[in-house]
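This note is meant for a colleague who is meeting the structure for the first time. The points below may be read alongside the model.

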Amino acid sequence: MFSGIIKYTGIIVRSLNKTDGEITIKTPEVSKVVEIGGSVAVNGACLTVIRKTPDELTFFVSSETSEKSTIPKLKPDTVVNLELPSTPSSFLDGHIVLGHIDTIGQVNEIIPIGNSYKLTISIPKNFMKNLVYKGSVAVDGISLTISEINDSLRTFSVAVIPHTYENTNIKYLKPEEYVNIEFDIIGKYIERLLSTKDKPITMEKLKDFLGT
């Protein structure tokens, strides 16, 4: 489990060259603290370390991750966001992020608004239901708050503060580039409870379940 608070970045050294393969990332800071077999979120996708050197980490990438994320699109010298798993004593400064990518979004624009930035992303229509105004979403593993939703255009916007802009890959993003999207797990569980055919859940039952 992760929180979406990015403390490290890395640089792609070797990119994916097949459906099931490996990528290597230069990241001396993370390599010092992570062990072989450990997990690291790479642009929001939870990957397992299979080899390491003092400066580099090599990860296995499954076919599922290849199909659902931007990992196959990452080229050498690309800057990626890295996050180590949360611990029981960690502050949950962002929100619960599992590292399981739901879909790929496309950057529409990123524009300065005062001292901050507005990042607008388009996603497939069937995922718009997972967005909630002022709710949380992970974009390339970064925990961000949704500031606008436009269902007709299939877009949402997030506000990016200067610290996040300067310390993540956001400052390198350009229109038409692709990003990993993970929606709030709590919302996905509620959607599943409400839509299951075997044991339909009514709003009354949901209210009882939540104690409201």
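This is a predicted model: local features need pLDDT of at least 70, side-chain atom pairs count only at pLDDT 80 or more; totals for chains, interfaces and linings use all residues.

1. Tyr178 belongs to strand 12, which covers residues 178-183.

2. Overall composition. Five helices and twelve strands make up the secondary structure of the chain. The chain has 212 residues, of which 41% count as buried. Among contacts with a separation of 6 or more, 66% are between residues 24 or more positions apart.

3. Six strands form a closed barrel in the order 1-2-5-4-3-6, and the pairing is antiparallel. From one strand to the next, the twist averages 45°. In general, strands of a sheet pair through backbone hydrogen bonds, in either a parallel or an antiparallel manner.

4. Strand 5 and its partners. Strand 2 (residues 21-26) pairs with strand 5 (residues 56-61) over six bridges, in the antiparallel sense; within this pairing, Gly21 has Val61 as its bridge partner. Strand 4 (residues 45-52) is also antiparallel to strand 5 and is joined to it by four bridges, with Lys52 partnered by Leu57.

5. Strands 3 and 6. Strand 3 (residues 39-42) and strand 6 (residues 79-83) run antiparallel and are joined by two bridges. Here the bridge partner of Val42 is Leu82.

6. The tyrosine pair. How many aromatic pairs does a search of the whole structure find? There are two. One of them is stacked and consists of Tyr117 and Tyr165, with 3.8 Å centre to centre and 10° between the planes. Tyr117 is in strand 8 (residues 116-122) and Tyr165 in helix 3 (residues 162-167), so this pair ties together parts that are 48 residues apart in sequence. Tyr117 counts as partly exposed because its relative accessibility is 21%, whereas Tyr165, at 16%, is buried; the cut-off for buried is under 20%.

7. The phenylalanine pair. Phe127 and Phe183 also form a stacked aromatic pair, with 5.6 Å centre to centre and 20° between the planes. Phe127 is located in the loop between strand 8 and strand 9 (136-139), and Phe183 in strand 12, so the pair ties together parts 56 residues apart in sequence. Both Phe127 and Phe183 are buried.

How values were computed:
Residues are numbered from 1 along each chain as its sequence is written. Side-chain values use heavy atoms; hydrogens and water are left out. Buried means under 20% relative accessible area, exposed over 50%, partly exposed in between (1.4 Å probe, protein chains only). Contact means heavy atoms within 4.5 Å. Two strands pair if DSSP finds at least two bridges between them. Axes are lines fitted to C-alpha atoms, for helices over the stretch in contact, and angles run from 0 to 180 degrees between N-to-C directions. Rings of Phe, Tyr and Trp (its six-membered ring) pair if their centres lie within 6.5 Å; planes under 30 degrees apart count as stacked, over 60 as edge-to-face and the rest as tilted.
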